[in-house]
Amino acid sequence: MKREMITCALGLGSNLGDSNAYIKSAISILDQTPDIEVIATSSHYRTPPWGPVPQDDYRNCCVTIRTSLSAQELLRTCLGVEEDLGRTREERWGPRTIDIDLLLYGDQTVQDEGLEVPHPRMAERAFVLIPLAEIWPDAHIGNGLTVQAALKTCPDQDGIYKLQCLLNS
C-alpha cells in the first residue's frame with residue numbers, strides 16, 4: 001500500500017570546499033531518491049557561522065520536497081546523503097561539507113530519539129527562515145507561528161546575503 005505524500009522542508013548548508021557543488025549535489029541526490037521529489041529550491045545565501053566554533057561563512061538554502069517516506073526514513077536518507085558527500089561529525093557546530101536538516105514534516109510534530117520536528121531552533125535562525133520564506137512562507141513552524149511571522153522577530157539577520165547562483169555551474 002502506497003503511503004500518502006507529505007510536503008516537507010529541508011535546510012541545507014555547507015562551508016567546506018566547493019559549497020555550491022555540495023549543495024547542488026545533495027539536492028540532485030535527494031531528487032533522484034525513490035519516494036522523494038524536490039518541488040522548490042530557495043536562493044542561496046552567505047550566512048555567518050552559528051555556534052562557538054570559529055569557521056568560514058556558510059552557503060545556505062532550503063528546499064521543499066514531497067515524500068512518502070516516514071520522518072525517520074527521511075532523516076536516515078538525509079544522513080546518508082551527507083555521508084556520501086564526505087560529511088564527518090567531529091565537532092558540534094563545526095565546519096562541514098554538507099548539512100541537511102529536516103525542518104518540517106508536513107504539519108506533523110515528531111519527537112523521537114535524534115529527531116524533533118518542527119526543528120526546535122528554527123524560529124531563532126535567520127539563515128533558515130530567510131530562504132524558507134521564499135518557498136514556503138505560510139508553513140507553520142510551531143508555537144502558532146508561520147515562517148513569515150517568525151522572520152519578523154528573528155534576531156541575527158544582519159550579515160546574511162543572497163548569492164547569485166548559476167544553476168548549471
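Which residues does histidine 119 touch, not counting residues up to four places away in sequence? Select histidine 119 together with Asp101, Leu102, Leu103 and Arg125, the residues in contact with this side of the count. The model is predicted.

Histidine 119 is buried because its relative accessible area is 12%, and the cut-off for buried is under 20%.

Eight of the ten residues of α3 are buried, so the helix is largely enclosed by the rest of the structure. To colour the buried ones, pick Ala126, Phe127, Val128, Leu129, Ile130, Pro131, Leu132 and Ala133.

Now move to another pair of helices. Select α1 (residues 19-32) and α2 (residues 71-84). Their axes lie 10 Å apart, and the helices pack at an angle of about 135°. The two are therefore oblique to each other. Turn the view to look at the crossing: α1 passes α2 in a right-handed sense. To see the contact, show side chains for Ala26, Ile29 and Leu30 on α1, then for Thr77, Cys78 and Val81 on α2. By class, five residues in this contact are nonpolar and one is polar, with no charged residues.

How values were computed:
Residues are numbered from 1 along each chain as its sequence is written. This is a predicted model: local features need pLDDT of at least 70, side-chain atom pairs count only at pLDDT 80 or more; totals for chains, interfaces and linings use all residues. Side-chain values use heavy atoms; hydrogens and water are left out. Axes are lines fitted to C-alpha atoms, for helices over the stretch in contact, and angles run from 0 to 180 degrees between N-to-C directions. Helices (H or I, at least four residues) and strands (E, at least two) are DSSP runs, numbered from the N terminus. Angles under 35 degrees count as roughly parallel, over 145 as roughly antiparallel, 65 to 115 as roughly perpendicular and the rest as oblique. A crossing is left-handed if the near helix is turned anticlockwise from the far one by less than a right angle, and right-handed if clockwise. Contact means heavy atoms within 4.5 Å. Ala, Val, Leu, Ile, Met, Phe, Trp, Tyr, Cys and Pro count as nonpolar, Asp, Glu, Lys and Arg as charged, and the others, Gly among them, as polar. Buried means under 20% relative accessible area, exposed over 50%, partly exposed in between (1.4 Å probe, protein chains only).
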